[in-house]
Amino acid sequence: MESSPDIGNLQAILLVGGQGTRLRPLTLGTPKPLLPTAGVPFLAHQLARAKAFGVERIVFATSYRASMFTEAFGDGSSFGLRLEYMTEETPLGTGGAIRNAAQALTCGPDDPVLVLNGDILSGHDIRAQVALHMSRGAAVTLHLTEVEDPSRFGCVPTDPDGRVTAFLEKTPYPVTNRINAGCYVFRRSVIDTIPENQVVSVERETFPGLIAAGELVLGYIDTAYWLDVGTPTAYIKGSRDLVLGRLHSPAMPGPCGEHLALPDSIVSPDAKVSGGSVVGHGAIVESGATVTGSILLDNCVIGPGATVVDSVVGPGARVEGGAVLSDVVVGDGAVVGSGNELLAGARLWPGVVLPESAVRFSSDV
């Protein structure tokens, strides 16, 4: 059997410049990749997995609230990584961000460079993707996964040899259920062909251009766990799946199980917390409360007899006794008075106080 190419000293670029507008109000003060997910910042899971697959050095491509990434991860030594930070003064798109961040790479022109999107949870085999790329001498190798509704994503057909034949971004009539999963391996010299200091989309410009020019663009097909965490529902699902052990992460701060209670949290003995829920630092779940499949962020309080299902309760927020939340986002410091019932995607913005009531809400408040 042919041995896999050596991928030691692998360098990576991590795209974390987006504002995460679909996750508001959670992202009003915190970039999406830093939102607590299964007890740690979302990116901690990506960094730990990258290290486990042989990555040694990562360049963050930052834009929105860039300084917060440095504050969160520093030089990367706690992950056994070397981290660098490159900031775009104005957003440059995915291709422009990769080109800008590449200035901090130290690898040679023929070396592979891993590019990760900062809003993806994936269980795919990064080492195998890089090995395929190197063994075939590809310009770019894309991680492809299969989904039920490919029309929502970039649709990527391949020939029998794995060569990408087209890149159909969000077409309403997909020819395959294989989509762009947001993890790429570039030959370093290919990154240098992306125009500098310009807004460029790899999905709409770089990849189609390489295919048209006859360059070898490969698809690495892997059907392991994959999730784009761009919406509140997906964000909650990702955290829940990590806590339940459906996706392994070396960054988990505690054992997998029905819930994860972080240090200094308090869960009443007769409260029911299950379904992969997280109880954040200093958070309190009082007597008779039921919390299912939810994220309770630091120092929030779930009052006696309250019900929280598939929801996020922000830092310092309060859900008073008897209130009901289902598929809801409660912003920082907001208060849901007793008797309120928030349903079907309602979002309570930071600092808002809903007085005691018997009203159902199913929209932004």
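## Lys51 and Glu56

Lys51 is partly exposed, at 31% relative accessible area. Here buried means under 20%, exposed over 50%, and partly exposed in between (1.4 Å probe, protein chains only). Lys51 forms a salt bridge with Glu56, with 3.6 Å between the closest N and O atoms. A salt bridge is a side-chain nitrogen of Lys or Arg within 4 Å of a carboxyl oxygen of Asp or Glu. Glu56 is partly exposed too, at 26%.

## Basis

This is a predicted model: local features need pLDDT of at least 70, side-chain atom pairs count only at pLDDT 80 or more, and totals for chains, interfaces and linings use all residues. Residues are numbered from 1 along each chain as its sequence is written, and side-chain values use heavy atoms, without hydrogens or water.

## Other salt bridges

The count comes to ten salt bridges. One of them joins Arg246 to Asp241, at 2.9 Å from N to O. Arg246 is exposed, at 54%. Asp241 is buried, at 1%. Lys237 joins Asp241 and Arg246 in a network of salt bridges.

Arg318 forms a salt bridge with Glu320, the closest N and O atoms being 3.3 Å apart. Arg318 is partly exposed, at 34%. Glu320 is partly exposed, at 25%.

## The open sheet

Six strands form an open sheet in the order E15-E18-E21-E24-E27-E30, with parallel pairing. Strands are DSSP runs (E, at least two residues), numbered from the N terminus. Two strands pair if DSSP finds at least two bridges between them. The edge strands, E15 (266–267) and E30 (353–354), each pair on one side only.

Strands E18 (residues 284–285) and E21 (residues 301–302) run parallel, joined by two bridges. Ile284 stands opposite Val301 in E21.

Key. Helix = DSSP H or I, 4+ residues; strand = E, 2+ residues; numbered from the N terminus.
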